[in-house]
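Have the model open as you read.

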Amino acid sequence: MQARKKYVLLGLCACCWLVLFYWGGGVQLRLFRLLTRQRGEVVRPWPNWTDRAFLPRYAHLDELQTDPGTAESPRQRRQAWSAIYKDSRCRMETCFDFSRCRRRGREGFRVYIYPSEKNDRVSESYRKILTSIGESRYYTSDPREACLFVLGIDTLDRDQLSGQFVPNVDERIRGYPLWNDGRNHLIFNLYSGTWPNYTEDLGFNIGQAILAKASLNTEHFRPGFDVSIPLFSKDHPQKGGERGWLVRNTIPPRRKYLLMFKGKRYLTGIGSDTRNALHHIHNGKDIVSLTTCRHGKDWEKHKDARCDHDNLEYERFDYQELLHNSTFCLVPRGRRLGSFRFLESLQAACIPVLLSNGWELPFSDVIQWNQAVIEGDERLLLQVPSTVRAVVNERVLALRQRTQMLWEAYFSSVDKIVLTTLEIIKDRVFSHISRNKYMWNSLPGGLLVLPEYSTHLAHFPFYYLGLGVIPGQEFTAVIHAVSPLVSQSQPIMKLLQVVSKSKYCSQIIILWNSEKPPPSRSKWPPMPVPLTVTDGRRKTTSRFLPHVAIETEAVLSLDEDTVLLTSEVNFAFLVWRSFPERIVGYPPRSHFWDPLKRAWGYTSKWTNDYSIVLTGAAFYHRYYHYLFSHYLPQSLRTLVDRTSNCEDILMNFLVSAVNHLPPIKVAQRKQYKELPSPQGTKSVPWANPEHFNQRQECVNTFANWFGYMPLVHSQFRLDPVLFKDQVSVLRKKYKDLERA
């Protein structure tokens, strides 16, 4: 009996060994081959699906023409990346020298550009990037002041087959005395790698430099250190850029086509799998997905059975017409993860549907992309149509509106792309005063919200409505005085009495900008509110300095010869409290396009149409003082000071650029006239014919700097008699009163 048990036990053991050998031998053999293979041998990536049952969801087997010998496993990619980027674990705390930026406190964020060497080839796109930095408020020509360094060498295109490729970058940057293994350096790149794999190899060691790169893979992205930027074409505008295509009152939210794509189909190499499968969702009705093989020199050598049909179908539709009339735009990966179609879709308010697994989206640190795009999966292409059909109209409209906000705030020009990159890095350096996600993802966007002013949302006028904040009930009057005080009957004396009688007036500041010293306090009349006389330093722009004495949200800007009644001041202030993000005032002006001169014109004629409210009698939020002094370039402020003109036009440009809205004109007494200057004072500036010509030039100079015309025309006026009437409460009935 015992012997029988032994034989049964031995039989069971033998069976177990056979099963283990059958199921595990193959694995052991592959492991043995892996350990003993010769160096340099190409290993076929696993798994290698040959069963057609797995393929119909994506493409037929003969459509998948990627050469398996050129593919890389995730482990191989990580090893290649580690060899190229030896500091792949860099973070701001470990690879950035903060002390260089904090030598001058908050003003220490300065950017230095290495001078280009003779015979250096610089692409148009990189020249635009360098120009944007050079014209920014952060640029310094002194490397000793710099917090951040940017190479003069063009690193945008690192494809060795490209004509823009710059060789020997490694050798050159190591020769820079300030290189310091890339510490505190910023490197821009749009294209990396080359045929056939298009890896993220830049061809040189970036060391501890921050990488601002398009088509960044999430595997290689260093969070809180690198910056993912969008892929943009060489024709992308330097400044301003075109406005988004979504009209504010566009209805219905859906367009003629539900989903569209029109682009290249890659017959071989990386990216071909995704593009080759796109024809599966094309129905020619509400879903238009078109590809063409006709690109590159050798496309006919690789053409397949579908190419001729695809090429014919491709020519039937116009790309721009599809963009204008599609609700969703498919944005599949190309050779690299990024695509030009991403920015094209944002501008067109065509909601991007991304098919680019592993792509770190542009400015992902600060932008909440789930509010603007649909992220798909390359492996689940056939689920895309049902996914977009399920998006309800309310969300479609919200997504489309967000594409416009992001396009205009961060992507419409090279300037905005570059400045957004710098502002993100600056927020990391000065994290204690950085912008929050709400600021980055709400109008007017992070570039126009200066955290040095405040990090509290309720301190900015354009957030009041969203936060349910009501503006304060007092204002500060700032009177710009340029004439010496020679008589108690001068207009400024009467103006002081009128303003001080307002129950909303908190204080009056006289900005003394005369060549003669200000008179003593005894020369000014007694008033029920505090009066401060401060030195204007004989600068026209000093009227918009962020004076610490201004404690109220509302500022009433006045010229010394303005003629108003106290009731008119009170009314204008009540209107401003309803529109705290705008300029609200009395004297209107307008701009127009002169087709003969091909330039902008300026007119002071009283018409039903206006786009400017002069700051000689206007309310606005005090934040615009700070923005005027710290956001606008010194060159524009110098122009205003040199000519003693145009500061009011420049403030209107700035405010309209922030809110994309016109100022508001309040009704003015018909009998108002510009009074002659008192005897012994200078003549009024508008009596000089050169004054008007300068203002014409200013309008064009300002539009050139902004890159577009931000002023918005309006016919909307508010009258004290009608202000409480339902006409103003329901003013949305009259949408055409305000037009771009």
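## The Cys329–Cys350 disulfide

The torsion about the S-S bond of Cys329 and Cys350 is about 105°, so this disulfide is right-handed. Its sulfur atoms lie 2.1 Å from each other, where a disulfide is a pair of cysteine sulfur atoms within 2.5 Å. The pair links distant parts of the chain, 21 residues apart: Cys329 sits in strand β8 (residues 326-332) and Cys350 in the loop between α10 (341-347) and β9 (351-355). Helices (H or I, at least four residues) and strands (E, at least two) are DSSP runs, numbered from the N terminus. Both Cys329 and Cys350 are buried, meaning under 20% relative accessible area with a 1.4 Å probe and protein chains only.

This is a predicted model: local features need pLDDT of at least 70, side-chain atom pairs count only at pLDDT 80 or more, and totals for chains, interfaces and linings use all residues. Residues are numbered from 1 along each chain as its sequence is written, and side-chain values use heavy atoms, leaving out hydrogens and water.

## The other disulfides

## Helices meeting α13

Which residues of α4 meet α13? Lys128, Ile129, Ser132 and Ile133 do, against Val414, Asp415, Val418 and Leu422, with contact meaning heavy atoms within 4.5 Å.

Definitions and conventions:
Buried < 20%, exposed > 50% of the residue type's maximum accessible area, 1.4 Å probe, protein only.
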